[in-house]
Amino acid sequence: MAEFGVTEIQQLTAGLNDQQKAAFTSQYDAVKKDPQMIFLLAIFTGGIGVDRFMLDDMKMGAIKLLTGGGCFYLYIMDIISAKDRTAAYNKAKAEAIIATL
């Protein structure tokens, strides 16, 4: 998955009026995660699952916590996929906000 950015947000908010766009922006800015921050968390705290907990993936976070990064396998895979997982998280949050407006 490519980065979830400005173009995708404009496509999602195309049918909204100005008030709804303002509401979307304020809600989305409060919940979105920075892909670079998640990537760094995956590198430096990935063995205990902090990156997964930040993206609301509690089950995998707990597994990583209990297995020390999934015996190093999950640690490496999470470093590789950190930006894609963050983009998926941000897209899901944006779509959920749009659904409530």
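This is a predicted model: local features need pLDDT of at least 70, side-chain atom pairs count only at pLDDT 80 or more; totals for chains, interfaces and linings use all residues.

Analyst: Buried residues account for 32% of the 101 residues. The chain holds 6 helices and 0 strands. Its C-alpha trace spans about 50 × 20 × 15 Å along the principal axes. Of the contacts between residues at least 6 apart in sequence, 61% join residues at least 24 apart. Side-chain charge comes to 10 positive and 11 negative, with the centres of the two sets 3 Å apart.

Now the last helix. Helix α6 covers residues 73-100, 28 residues in total. At 1.5 Å a residue α6 should span 40 Å; its end C-alpha atoms lie 38 Å apart, so the two values agree. Yet α6 is kinked by about 60°, and the kink is centred on S81.

Next, the loops. F72 sits in the loop between α5 and α6. Its phi is near 75°, positive in a residue other than glycine. Most residues other than glycine have a negative phi. F72 is exposed, because its relative accessible area of 52% is over the 50% cut-off.

D56 also has a positive phi, near 60°, and is not glycine. D56 belongs to the loop between α4 (50-54) and α5 (58-71). D56 has a relative accessible area of 45%, so it counts as partly exposed.

Conventions:
Residues are numbered from 1 along each chain as its sequence is written. Side-chain values use heavy atoms; hydrogens and water are left out. Helices (H or I, at least four residues) and strands (E, at least two) are DSSP runs, numbered from the N terminus. The expected span of a helix is 1.5 Å times one less than its number of residues. The bend at a residue is the angle between axes fitted to the seven residues ending there and the seven starting there. Buried means under 20% relative accessible area, exposed over 50%, partly exposed in between (1.4 Å probe, protein chains only). Contact means heavy atoms within 4.5 Å. Lys and Arg count as positive and Asp and Glu as negative; His and the chain ends are not counted. The place of a charge is taken as NZ of Lys, CZ of Arg, CG of Asp or CD of Glu.
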